[in-house]
Amino acid sequence: MKSINKFSNLKNLTFKELIYNNEVRALFIQVATVVIIFSLFYVMIQNLNENIEARGIVSGFTFLEGRSGFDILPFLGSYIVKFSPNSTNLEVFYVAIINTFVCAGVGIILSTILGLLIGIARLSSNYLISRLSNAYIELFRNIPILLQILFWYNIFLNALPHPKKSISFLDFIFINNRGFYLPNPIPQDGFLWVFIAFIIGVGSAIYLKRHFKRKQDETGQQTNTIGYSLALILLFPIVVFLLLGSPLQLDYAILGKFNLKGGLAIVPEFVALTLALSVYTATYIAEAIRSGIEAVDKGQKEAAAAIGLTPIQSLKLVVLPQALRVAIPPTINQYLNLTKNSSLAAAIGYPELMSAFGGTVLNQVGQAIEILTMVMVVYLVISLAISVLLNYVNKKMAIQGR
Amino acid sequence: MEMSGASVCIQAGTTTELNLADWAGANGISYDSVVVETSAQSLDGFLAGRCDVLTSDVSQLASLRAAMDDPDAAVILGNVISKEPLGPVVRQGDDEWFNIVKWTLIAMIQAEESGVTSENIDTVTTNPTVERLAGRASQTHEYLHLSPSWSYDIIKQVGNYGESFERNIGVNTPIGLSRGPNQLWTKGGILYAPAFR
């Protein structure tokens, strides 16, 4: 009620009293701040428009429909969009977004696995393991990420052989300084059934796990489900695959005049960028995991030991579930950082958003404001989406009031 | 055609990038483009074997090749695939400065055509054009708002166009460019200076 009637008694005040009134003064300062900020923006945009007009720059987004006229380093984005120099600038945007997402996605998975392992190892009672993890964290956390990207990239270029002297594994996988060449799987008719079999396998494995969990809850009898799960998830689709007569053709890479042709090429720019980002971000995730584990009360571990749980069981069933509650928010923030740091790819020419679209297209068409706005909006959308996820997880993980 | 399937290092956002795509498309050549931010990076990629070919303007290629530890290890291919004339650039709207830069170039080209060099400029007096180049009996300085000896000073100090070319980027320098179309129009090139008066 107070807030509504806050100003009702001001009517009776004199002008002088009004000036010295705290609430009036606070309101005045807030309004003034808003007015100043908005007028600054207004002047800025006004100036911008005038300057653009004075230089005869045509603004707008029509350039997106124009022919790009250049080529992009062939990687997933180009394959999916089927990019060629005849594609439009809008398609460059799509290629760039896909490449950003691929790098961020793989980077997030790798850094999580690595971070989790290092974070746990950091607290190991084994002196060597804990020291080594500590050294890893201190080393990679304290070197600027741009430097690390360039480091890995140059390692790949200089340590790996020329395509003509590729390292090959049974003529199946090839490694050289133009990338990693894997066989490209091309699904044939009937491969859909293998996929369906896999889904069914995963579904029934989850059901089975639940079933035995319920059994354990009721009777206390433990059943190891790993064997069943493996059979359902891997063996079942493989049997279906073989029964259908292997409906998958592999396109192997073969040596052409300059490069390996065919296959699925993973370019060194991608490997270097993703590796550098993962290794770097993993140090922060490891620290988040460590702080999470250390936040779990010592008594919890002692209690777990007291009821006869092994150290692994104690970690898996008692410590980690509680540690993750503390560790997940900073970890998701690191995912956000990783995604934003992927824009450093411009340094090594991986065609992601900032390099292919915010770099090449910007230089070619010169529509700086439009292009950088689009790039910013994409990063903003990614960041906000991760924030929403973070809030959801936070709510979900919050300690239930009992 | 021989280049099909090669990896090509290019600098991002350049006309070279567009020219290569046009040329390769027109000739049915496939290639992998390795696009980097700076021309130094494209050289690094080329040296490290990331790409088989490096493409840029011819003069740029020549200077990059000169910067290599072993310039003989790389060859600049003969077929030029686009027109990329380079020259002095001035800001728009400053006509006086534009005139000075423009006439500096004209004076250097005319000097070569008239056989005036940094060495003989004090002695040759064969015809009125040479007289004017040497800064005698000329009004050009009045239009350009320069000192009467402006063209004399240029030629005396840096020489005529040919001298400057040979000294900085010519065949006897590490960059090793031949004159090509940068030859005088009287010798089969396209360099032409209007009447110097």
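Me: Into which domains is chain B divided?

Reply: Chain B is divided into domain 1, residues 6-73, and domain 2, residues 95-187. The C-alpha centres of these two domains of chain B lie 34 Å apart. Keep in mind that this is a predicted model.

Me: And what are the domains of chain A?

Reply: Chain A has domain 1 (8-53), domain 2 (76-145 + 268-397) and domain 3 (187-240). Taken over C-alpha atoms, the centres of domain 1 and domain 2 of chain A are separated by 42 Å.

Me: Why is the link of Cys9(B) and Cys51(B) called a disulfide?

Reply: The sulfur atoms of Cys9(B) and Cys51(B) are 1.9 Å apart. The cut-off is 2.5 Å, so the pair counts as a disulfide. A disulfide is a covalent bond between the sulfur atoms of two cysteines. A search of the whole structure finds one disulfide over all chains.

Me: Which parts of chain B does the pair of Cys9(B) and Cys51(B) link?

Reply: The pair links distant parts of the chain. Cys9(B) is in strand β1 (residues 6-11), while Cys51(B) is in the loop between α2 (39-47) and β3 (53-54), and 42 residues separate the two. The angle about the S-S bond is -100 degrees, and the link is left-handed.

Me: How do you know whether Cys9(B) and Cys51(B) are buried or exposed?

Reply: Buried means under 20% relative accessible area. Cys9(B) has 1%, so Cys9(B) is buried. Cys51(B) has 3%, so Cys51(B) is buried too. In chain A, Cys103(A) has a relative accessibility of 0% and therefore counts as buried.

Me: What makes Phe75(A) and Phe270(A) an aromatic pair, and why is the pair called tilted?

Reply: The count comes to 14 aromatic pairs over all chains. In one of them, the rings of Phe75(A) and Phe270(A) are 4.7 Å apart, centre to centre. The limit is 6.5 Å, so the two rings pair. Their planes are 35 degrees apart. Stacked needs under 30 degrees and edge-to-face over 60, so this pair is tilted.

Me: Where do Phe75(A) and Phe270(A) sit in chain A?

Reply: Phe75(A) is in the loop between α2 (22-54) and α3 (76-81), and Phe270(A) is in helix α9 (residues 268-295). The two are 195 residues apart, and the pair links distant parts of the chain. Phe75(A) is buried because its relative accessible area is 3%, and Phe270(A) counts as buried because its value is 9%. Ring pairs link Phe75(A), Phe270(A) and Tyr350(A) into a cluster.

Me: Why is the pair of Trp150(B) and Phe196(B) called tilted?

Reply: The ring centres of Trp150(B) and Phe196(B) are 5.9 Å apart and their planes are at 40 degrees, so the pair is tilted. Trp150(B) is in helix α7 (residues 150-158), and Phe196(B) is in the segment after α8 (161-168), 46 residues away. Both Trp150(B) and Phe196(B) are buried.

Me: How many cavities of 30 Å³ or more does the structure hold?

Reply: The structure holds one such cavity. The volume of the largest cavity is about 100 Å³.

Me: What lines the largest cavity?

Reply: The lining has 15 residues, and Pro351(A), Ser355(A), Ala356(A), Thr360(A) and Val35(B) lie nearest the centre of the cavity. Helix α12 (353-365) of chain A and strand β2 (31-36) of chain B each supply at least two lining residues. The most come from α12(A), with three residues. By type, the lining divides into nine nonpolar, three polar and three charged residues.

Notes:
Residues are numbered from 1 along each chain as its sequence is written. Chains are lettered from A and ligands numbered from 1 in the order in which they are written. This is a predicted model: local features need pLDDT of at least 70, side-chain atom pairs count only at pLDDT 80 or more; totals for chains, interfaces and linings use all residues. Side-chain values use heavy atoms; hydrogens and water are left out. On a 1 Å grid over the protein atoms alone, a cavity is a set of points where a 1.4 Å probe fits but cannot get out, and a pocket is an open set with protein on both sides within 12 Å along at least five of seven lines; lining residues have an atom within 4 Å of a point. Grid points are joined across faces, edges and corners, and a volume is the space filled by probe spheres set on the points. Helices (H or I, at least four residues) and strands (E, at least two) are DSSP runs, numbered from the N terminus. Ala, Val, Leu, Ile, Met, Phe, Trp, Tyr, Cys and Pro count as nonpolar, Asp, Glu, Lys and Arg as charged, and the others, Gly among them, as polar. Domain bounds come from an automatic or database domain assignment. Buried means under 20% relative accessible area, exposed over 50%, partly exposed in between (1.4 Å probe, protein chains only). Rings of Phe, Tyr and Trp (its six-membered ring) pair if their centres lie within 6.5 Å; planes under 30 degrees apart count as stacked, over 60 as edge-to-face and the rest as tilted.
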